[in-house]
Amino acid sequence: MRRRTLQIAGGLAAAVGLVAALDWALPPDMTRYREASTEVVSRDGVLLRAFTTRQGTWRLRTDLEQVEPRYVDMLLAAEDKHFRSHPGIDPGALLRAAGQWVGHGHIVSGGSTITMQVARLLEPHRRSVLGKLHDIVRAAQLEQRYSKDEILGIYLTLAPFGGNIEGVRAASLAYFGKEPARLTDAEAALLVALPQSPTARRPDRHPEIATHARDRLLARLEKAGAFDATRAREAAEAPVAVIRRPFPFTAPQFAAGLARHAAPGAHIAATVDSRIQAHVEDAVRRATGTLDSNVGVA
């Protein structure tokens, strides 16, 4: 009996060792997350200028504390209500998705957790059974390496929002002209709905489709008891009149000089005061308007 117990224990130890070795040899590829947009910020923390990645995308690294909590609450309620407790996969959601697939003959819901979505965002691939297995394995690895807040931060940085916009911070700046810490209920709901079909739901190109997706999300959250009925109704009444806004472009040449030799995804803190810089640039613009067209101002 003792010998048998030792054999089983040895087998389990060997299996754990093999999994650990494979995990060490084939870790998740974090390149896309590391190669975010380079940012130059003022000494008071305001974004002066950001730069696209080498692939031409706006991908601003985003931490949980930079985002309005109501957006995060909506995201988890809509996409992964057991995120804080599961180990990277939600067996119930996977079984439900498999049953819907068998019953309908096509994929109704993917059953992916936020962590599995992060795995696919880090290493994009076509949707397939093998791809889903890949995401499950990677999700387990991510859960071992990172905290729940860190995994959410990766999602907030990489989620697609249409065109060359990736991440909720880039989306908030591009569509609403403000940081995601100031999102309204209506804006937060729209940004939760966009990544599921970012091209078709782009609010600057397809406002009616974007509005429908937002309102359907709000109704689903209200029905599930995850969102107050009055707030949901008020958010659904807000019009979606979105234009693609330019990203901050303060002290552009100075910022470009600082970023020129920086590593991809660098966060560069400059000594410029954003308020003084904005006043000076405004004064220069006003002065330029009163001068001859051949005169330059610096």
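The chain's secondary structure comprises 13 helices and five strands. Helices (H or I, at least four residues) and strands (E, at least two) are DSSP runs, numbered from the N terminus. This is a predicted model: local features need pLDDT of at least 70, side-chain atom pairs count only at pLDDT 80 or more, and totals for chains, interfaces and linings use all residues. Residues are numbered from 1 along each chain as its sequence is written, and side-chain values use heavy atoms, with hydrogens and water left out.

Of the 298 residues in the chain, 42% are buried. Buried means under 20% relative accessible area, exposed over 50%, partly exposed in between (1.4 Å probe, protein chains only). Contact means heavy atoms within 4.5 Å. Among contacts between residues at least 6 apart in sequence, 65% join residues at least 24 apart.

Now take helix α10, residues 207-223. Its 17 residues should span 24 Å at 1.5 Å a residue, and the end C-alpha atoms are 24 Å apart, which agrees. The expected span is 1.5 Å times one less than the number of residues.

Which residues of α10 are buried? They are Ala210, Ala213, Arg214, Leu217, Leu218 and Leu221. Seen down the axis of α10, these fall within an arc of 135 degrees, so they line one face of the helix. The arc is that of the directions from the helix axis to the C-beta atoms. An α-helix has 3.6 residues a turn, so residues three or four places apart point the same way.

The cover over the buried residues of α10 includes α3 (69-79), α9 (185-193) and α11 (229-237). On the other side of α10, Glu208, His212 and Lys223 are exposed. Gly225 follows α10, with a positive phi near 75 degrees.
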